[in-house]
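Please read them with the coordinates open.

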Amino acid sequence: MGILEKIKEIEAEMARTQKNKATEYHLGQLKARLAKLRTELQAPSSKGGGGESGFEVQKYGDGRVALIGFPSVGKSSLLTLLTGTESEAAAYEFTTLTCIPGVIHYNDSKIQLLDLPGIIEGAAEGKGRGRQVIAVCKSADLLLMVLDATKPLYHKQILTRELEAVGIRLNRQPPNVYFKKRKTGGISINSTIPLTHMDDKLIQRVLQEYKLHNCELLFKEDCTVDDLIDVIEGNRRYIKCLYVYNKVDMCSLEEVDEIARWHNSIPISCSLKLNMDGLLERIWDMMALVRVYTKKVGAKPDFAEPVVLTSDRGGTTLEALCRQIHNSMVQQFKYALVWGTSSKHYPQRCGLGHQLEDEDVVQIVKKKVNTGEDGRGRFKTTSDKPLRIADREKKPALKT
């Protein structure tokens, strides 16, 4: 029996099992077994020979945004409008067969936008080269799920379910759970708050399914069985997602107003170029990019090319800024003068742990190195004595 057959068998068993207090342990084990099979399905094949080529392209710019959705929803048209890159668009499905990159120039930053082929139901199992498409989504900082406003609303649920099956969690934070494997000591389960969705017996059943008999668990929030499985798997990707409803020019004003009020949703029209500026603002707000302008001593700030930081790529601290400029800047760092909304007064003297905000101005002061005439500093690091004993100057014998 193959992996797909085992997955379908477990899903069928979960569907016909009633959910109550008596079956929660069995359902927990089935969920853990299903997660293991899906992880094994996504693992690359160990057999030799050439497989299907992927869609991965080199990262460029300050962030990456991926377009995902069903065929013929307007992804290629949206890429052309936002970046100017020509992507083939036609009235038939699967017009785009590979990954087409483009660059959005917005607020002095460069954001890479990827147009991916349309996916269908069952993409997580490999239908329609869905695995290659979803693999690119895992490397994105933000997903734009393009939906057709004239189609049923369950299309959004289908796409979300396909992404959930491969370990992508949309608009969620990682569970606040400490997990560590140990060689001995048995299973240690502790929690700072009461657990309402699980008990120790259910947790041990899930750990037994993964053959974990020595580990340490500390729950810092009320988690579910799915959260526990995500922590044990350790390969989940938590990505922000913006739901873009295209073709709203074919809807009524009441329907457009209802779509605009939904959480993380925005209505647009590629054919009439409606609400493109609003879409760029939402992308900027959700990516939370921080532009930092540098300043030399006695000179004006350089507002031409800012250093763009983000919490997903290294953080937004002064240490992250120094590392992005040069790796040796952290060792040479003495203090920094900061102007902007993150400082209490202008300028504020800050250390490496200071959190920067958008459009801050930073002047970095490095440590001074006092050098002598020989250029080796105030204190010598080497001796002037000869290395060999034979080269040493022999002193005359003492007179007796």
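1. Strand E1 (residues 63-68) is largely enclosed by the rest of the structure, because 6 of its 6 residues are buried. This is a predicted model, and the points below should be read as such. In a regular strand, side chains alternate between the two faces of the sheet. In E1, Gly63, Val65 and Leu67 point one way, while Arg64, Ala66 and Ile68 point the other way, and all are buried.

2. Which strands pair with E1? Strand E3 (residues 109-115) runs parallel to E1 and is joined to it by 5 bridges. Strand E4 (residues 142-148) is also parallel to E1, with 4 bridges between them. On the E3 side, Leu67 has Asp115 as its bridge partner. On the E4 side, Leu142 stands opposite Val65.

3. The largest nonpolar core holds 56 residues, and those with the most contacts inside it are Leu78, Leu143, Leu144, Met145 and Leu279. H9 supplies the largest share of this core, 7 residues. Leaving aside neighbours within four places in sequence, Leu78 is in contact with Leu67, Val146, Ile268, Cys270, Met276 and Leu279. Another core, of 22 residues, lies apart from the largest one; Val177, Ile189, Cys223 and Val225 are among its members.

4. Helix H9 has 12 residues. From its first C-alpha to its last it reaches 17 Å, close to the 16 Å expected at 1.5 Å a residue. Its buried residues are Met276, Gly278, Leu279, Leu280, Ile283, Trp284, Met286 and Met287. The residue that follows H9 is Ala288, whose phi is positive, near 55°.

5. How many aromatic pairs does a search of the whole structure find? The search gives 3. In one of them, the ring centres of Tyr106 and Trp284 are 6.0 Å apart and the planes stand at 65°, so the pair is edge-to-face. Because Tyr106 lies in strand E2 (residues 100-106) and Trp284 in helix H9 (residues 276-287), the pair ties together parts that are 178 residues apart in sequence. Trp284 has a relative accessible area of 10% and is therefore buried, the cut-off being under 20%.

6. Tyr245 and Trp262 also pair edge-to-face, because their planes are at 65°, with the ring centres 5.5 Å apart. Tyr245 belongs to strand E9 (residues 237-246), and Trp262 to the loop between helix H8 (253-261) and strand E10 (265-267), so that this pair links parts of the chain 17 residues apart. Are the two residues buried or exposed? Tyr245 is buried, at a relative accessible area of 4%, whereas Trp262 is partly exposed at 27%.

7. Where is Thr317 found? Thr317 is in the loop between strand E12 (307-309) and helix H10 (318-325). Its relative accessible area is 16%, and Thr317 is therefore buried. Not counting residues up to four places away in sequence, Thr317 touches Leu309, Leu352, Gly353, His354, Gln355 and Leu356.

Definitions and conventions: Residues numbered from 1 in each chain as written. Predicted model: local features only at pLDDT ≥ 70, side-chain atom pairs only at ≥ 80, totals over all residues. Heavy atoms only, no water. Phe/Tyr/Trp six-rings, centres within 6.5 Å; stacked < 30°, edge-to-face > 60°. Helix = DSSP H or I, 4+ residues; strand = E, 2+ residues; numbered from the N terminus. Buried < 20%, exposed > 50% of the residue type's maximum accessible area, 1.4 Å probe, protein only. Expected span 1.5 Å × (residues − 1). Core = buried A, V, L, I, M, F, W, Y, C linked by side-chain atoms within 4.5 Å. Contact = heavy atoms within 4.5 Å. Pairing = 2+ DSSP bridges.
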